[in-house]
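Reader: I have a structure to go through with you. Can we take it piece by piece?

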Amino acid sequence: MAAAIALTVFIGFAPTFYLRGMFEAKPLSPLLILHGILFTSWILLFLVQVRLVAAKRTDIHRKLGVAAAMLAVVMPAVGALAAITSAKKGFTPPNGPPALVFLMIPLADMILFSTLTALGLYFRRRSDIHKRLMLLATLAILTPAIARIWFIRPLGFPGFLLLTDLFIVTCIVADRIRNGRFHPTFVWGGLCIIVSQPLRLLLAGTPAWHAVAAWLTR
């Protein structure tokens, strides 16, 4: 799954970030470049951490966990700032809601990522819980990459969320097949992400959120 996440991120952001010199991509602001570097670092670090555990090098894994913790503190702040800046410019995905309504989506992603990562670090001595929480935290920020894949883009905003859910459900089912039971961390954490999606849209349509979004982007 770590490899699938890394591949999805690369394909999604290749035209606008990783291979932008090969495409007619718009110039990126320093904030978006920083955003891309930080989030790419997280994906690469996640992939490395998975391989270290597989190679039984948990000593290095724990040392790199310090870098992961620092990234997890900085990423949500930069991610939220990038989302607010994009909302000011009127950004919204294909078939998505208006910019100020959509702003709820990435901000909620940052909250979920922060919460799941914090819990993952808290349970770092419980490897069965830790690894599942860190995977869920990474899946929680995968939707933007999915939305930018050229052959998926026509599905529109609901399709992007459903494909994110497919990653989560795949993890839950594969875990059940492999271990013979549903792990509570995957079930409850996965449901938290999935259920949050319609809840975000409901909250984003309220006058209270419109007022908050207008204040954030003024």
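Reader: Start with the largest cavity. How many nonpolar, polar and charged residues are in its lining?
Author: The lining of the largest cavity has five nonpolar, three polar and two charged residues. Keep in mind that this is a predicted model.

Reader: Which residues line the largest cavity?
Author: The lining is made of Ile105, Asp109, Leu139, Ala140, Thr143, Leu161, Thr164, Ile193, Gln197 and Arg200. At least two residues each come from H5, H8 and helix H9 (184-204). H9 gives the most, with three residues.

Reader: What volume does the largest cavity have?
Author: About 50 Å³. The count is one cavity of 30 Å³ or more.

Reader: OK, pockets now. How much space lies in the largest pocket?
Author: About 1500 Å³. The lining of the largest pocket holds 47 residues, and Phe13, Leu32, Ser86, Phe91 and Arg148 lie nearest its centre.

Reader: Which elements give two or more residues to that lining?
Author: These helices do: H1 (2-18), H2 (30-54), H3 (58-88), H4 (99-102), H5 (104-122), H7 (143-147) and H8 (156-179). H1 supplies the largest share, seven residues.

Reader: And the lining of the largest pocket by class?
Author: It has 30 nonpolar, twelve polar and five charged residues.

Reader: What about the volume of the second largest pocket?
Author: That one is about 1300 Å³. It is lined by 32 residues, with Val50, Val53, Ser127, Lys131 and Arg132 closest to the centre. Two or more lining residues come from each of H1, H2, H3, helix H6 (127-139) and H8.

Reader: Which element has the largest share in the second largest pocket?
Author: H2, with seven residues of the lining. By class, the lining of this second largest pocket has 17 nonpolar, eight polar and seven charged residues.

Reader: Switching to aromatics. How many aromatic pairs does the structure hold?
Author: Seven aromatic pairs. Take Phe102 and Phe157: the ring centres are 5.8 Å apart and the planes are at 80 degrees, so the pair is edge-to-face.

Reader: Why does the angle settle that for Phe102 and Phe157?
Author: Planes over 60 degrees apart count as edge-to-face. The planes here are at 80 degrees, so this pair falls in that class.

Reader: Which parts does the pair tie together?
Author: Phe102 lies in helix H4 and Phe157 in helix H8, so the pair ties together parts that are 55 residues apart in sequence.

Reader: Is Phe102 buried or exposed? And what about Phe157, buried or exposed?
Author: Phe102 is buried, at a relative accessible area of 13%. Phe157 is buried as well, at 6%.

Reader: Give me another pair. What do Tyr122 and Phe123 form?
Author: They form an edge-to-face aromatic pair, with 5.0 Å centre to centre and 90 degrees between the planes. Tyr122 is exposed, with a relative accessible area of 62%. Phe123 is partly exposed, at 28%.

Reader: Which residues form one aromatic cluster?
Author: Phe10, Phe17 and Tyr18 do.

Reader: What sits over the ring of Phe182?
Author: The charged end of Arg176 does, 5.5 Å from the ring centre.

Reader: New topic: Ile146. Where is it found?
Author: Ile146 is in helix H7. This residue is buried, with a relative accessible area of 1%.

Reader: What does Ile146 touch, leaving out residues up to four places away in sequence?
Author: Ile146 touches Thr8, Ile152, Phe160, Leu163, Thr164 and Phe167. Thr164 is also one of the residues that line the largest cavity.

Reader: How many residues apart along the chain are Ile146 and Ile5?
Author: They are 141 residues apart along the chain, and their C-alpha atoms are separated by 9.7 Å.

Reader: Last one, Lys56. What is its phi near?
Author: Phi of Lys56 is near 60 degrees, a positive value in a residue other than glycine. Most residues other than glycine have a negative phi.

Reader: Where is the place of Lys56, and is Lys56 buried or exposed?
Author: Lys56 is in the loop between H2 and H3. Lys56 is exposed, because its relative accessible area is 70% and the cut-off for exposed is over 50%.

Technical notes
Residues numbered from 1 in each chain as written. Predicted model: local features only at pLDDT ≥ 70, side-chain atom pairs only at ≥ 80, totals over all residues. Heavy atoms only, no water. 1 Å grid on protein atoms, 1.4 Å probe; cavity = no way out; pocket = protein on both sides within 12 Å on 5 of 7 lines; lining within 4 Å. Points joined across faces, edges and corners; volume = space filled by probe spheres on them. Helix = DSSP H or I, 4+ residues; strand = E, 2+ residues; numbered from the N terminus. Nonpolar A, V, L, I, M, F, W, Y, C, P; charged D, E, K, R; others polar. Phe/Tyr/Trp six-rings, centres within 6.5 Å; stacked < 30°, edge-to-face > 60°. Buried < 20%, exposed > 50% of the residue type's maximum accessible area, 1.4 Å probe, protein only. Lys NZ or Arg CZ within 6 Å of the ring centre and 35° of its normal. Contact = heavy atoms within 4.5 Å.
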